[in-house]
Amino acid sequence: LNAIGAALAARALGVEPDAIRQGIESVSGVPGRFESIDEGQPFSVIVDYAHTPDSLENVLRAAAGVGRRLIVVFGAGGDRDRSKRPLMGAAVAA
């Protein structure tokens, strides 16, 4: 969705479609955003810095199609916004 928004904004500013396409194709991903980790393990590992219940739910929905079984490890470091922790735990449990 971010790429689509950026492409539309670039087009509105007069950037040629070919330049937009090349720019989007050059992006390999954003570290920590649905990032696949491959160290030769026989299973998929995905890292995402989901920090709200909604973003965690979206990541879990997307990850559910990656393999047969989904194991989730999530953390909530520090004392920031402690009220989200039970909501995020509920998202994982669901």
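Colleague: Which residues lie nearest the centre of the largest pocket?

Modeller: Asp48, Leu56, Val72, Val73 and Phe74 do, among 30 lining residues. The model is predicted, with pLDDT of at least 70 needed for local features and 80 or more for side-chain atom pairs, while totals for chains, interfaces and linings use all residues. Residues are numbered from 1 along each chain as its sequence is written, and side-chain values use heavy atoms, without hydrogens and water.

Colleague: What counts as a pocket?

Modeller: On a 1 Å grid over the protein atoms alone, a pocket is an open set of points where a 1.4 Å probe fits, with protein on both sides within 12 Å along at least five of seven lines; lining residues have an atom within 4 Å of a point.

Colleague: Which helix gives the most to the lining of the largest pocket?

Modeller: H3, with four residues. Helix H4 (84–93) and strand E2 (46–47) each supply at least two. Helices (H or I, at least four residues) and strands (E, at least two) are DSSP runs, numbered from the N terminus.

Colleague: Turning to the second largest pocket, what lines it?

Modeller: Leu1, Asn2, Ala3, Val27, Ser28, Gly29, Val30 and Arg33.

Colleague: And which residues of H1 meet H2?

Modeller: Ala3, Ala7, Ala10 and Arg11 of H1 meet Pro17, Ile20 and Ile24 of H2, contact being heavy atoms within 4.5 Å.
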